[in-house]
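Here are my notes on the aromatic contacts and the backbone of this model. Please read them alongside the coordinates.

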Amino acid sequence: MLNIFSEKITAGFLVATVAALVLLQWLPLVNGIGLLGVAGLAGFVRKDSANRKLKAILFLLMVPLVFWVATFRSEGFNYPLLLSLPGAEGQLTRYELFVNFAKALVGFTLLYLLWQKLREGEFVARSRYSFLVALLAPVLIIAVAIPVLGLYLQPKTIEQMVLFGLGNLLIVCVAEEAFFRFLLQQPLRNAIAGMTANRGVQELIPLLLVTAIFVAIHSGIGGAAIWVYALAGFLYGLSYTLSKNICYPIMIHFFVNQIHFSFLTYPLPAVG
């Protein structure tokens, strides 16, 4: 009874939030409807009592819907502007960060509804290894990115760092890591675990496949940047593989983006 009551409160809060954002014209109506659809699908998929085949079908429908909700923008619509970096004198603005409420809300919806308990026998490394990866990964990624991408020192103001940090965490990192880990890596791991008892295969194949997808999604930059994204995607995924705790990849992703923005060339220069 308590769970049903809690679910109704959560659903009501989400509907009210979407309605308020649509009325304020901070969220396109079509994205809001899609977001509610994601919540409904995720709520059904997480139920243990639901039919397994139906859950699988709905899950496959939910994955592209999540991506669409987070990325689609109606013609002529702009989310509220959070941060703008001016270009050199006489040049256009070089970077703008908008508050993509659809992406942020879909990320937190996935976190709330799809965060799973560990399955019996599921691999989890000792916490010190997860902590070590989380500590070293941002340093390694930035150290590789500086020479490969030709980055140079370009410090931002404190205000710019804080504003970017808010958008980086609440819009980018939570949403992207929830998508990659809860909709791709963990389900792939669970599916492979049903076919083989080999833990190495269970963990390695999803890690490599999701890293490849991460690179493909970010491959618009092209050229040498592919290798930086491959390293970043692999280390984000590795931290989840070791810990089965999404907080680790979110934390690493956040610090990589934050260090890059705060102190180095941003946005990325054109790399051939």
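**Notes on aromatic contacts and backbone**

1. One aromatic cluster is formed by Phe67, Phe179, Phe180, Phe214, Tyr229 and Tyr236. The model is a predicted one, and the points below should be read with that in mind.

2. Across the whole structure, the search returns 16 aromatic pairs. One of them joins Phe77 and Tyr79 in an edge-to-face arrangement, with 5.0 Å between the centres and 90 degrees between the planes. Phe77 and Tyr79 are both buried.

3. Tyr95 and Phe261 make up another aromatic pair, this one tilted, at 6.4 Å centre to centre and with 55 degrees between the planes. The partners come from distant parts of the chain, 166 residues apart: Tyr95 belongs to strand S2 (residues 95-98) and Phe261 to helix H9 (residues 247-263). Tyr95 counts as buried because its relative accessibility is 15%, and the cut-off for buried is under 20%. Phe261 is buried too, with a relative accessible area of 0%.

4. Phe261 also has a charged residue over its ring: Lys156 lies over the face of Phe261, 5.2 Å from the ring centre.

5. The peptide bond between Tyr266 and Pro267 is cis, with omega at about 0 degrees. Pro267 is located in the segment after H9, the helix that holds Phe261.

6. Gln25 is not a glycine, yet its phi is positive, at about 60 degrees. Where in the chain is Gln25? Gln25 is in the loop between helix H1 (2-23) and helix H2 (29-45). Its relative accessibility is 61%, so Gln25 counts as exposed; the cut-off for exposed is over 50%.

7. Lys244 likewise has a positive phi, near 55 degrees, in a residue other than glycine. Lys244 lies in the loop between helix H8 (225-243) and H9. Is Lys244 buried or exposed? With a relative accessibility of 10%, Lys244 counts as buried, whereas Gln25 counts as exposed.

8. For checking against the coordinates, I would list the backbone features together: the cis bond joining Tyr266 and Pro267, the positive phi of Gln25 and the positive phi of Lys244.

Conventions. Residues are numbered from 1 along each chain as its sequence is written. This is a predicted model: local features need pLDDT of at least 70, side-chain atom pairs count only at pLDDT 80 or more; totals for chains, interfaces and linings use all residues. Side-chain values use heavy atoms; hydrogens and water are left out. Rings of Phe, Tyr and Trp (its six-membered ring) pair if their centres lie within 6.5 Å; planes under 30 degrees apart count as stacked, over 60 as edge-to-face and the rest as tilted. Buried means under 20% relative accessible area, exposed over 50%, partly exposed in between (1.4 Å probe, protein chains only). Helices (H or I, at least four residues) and strands (E, at least two) are DSSP runs, numbered from the N terminus. A charge sits over a ring if NZ of Lys or CZ of Arg is within 6 Å of the ring centre and within 35 degrees of the ring normal.
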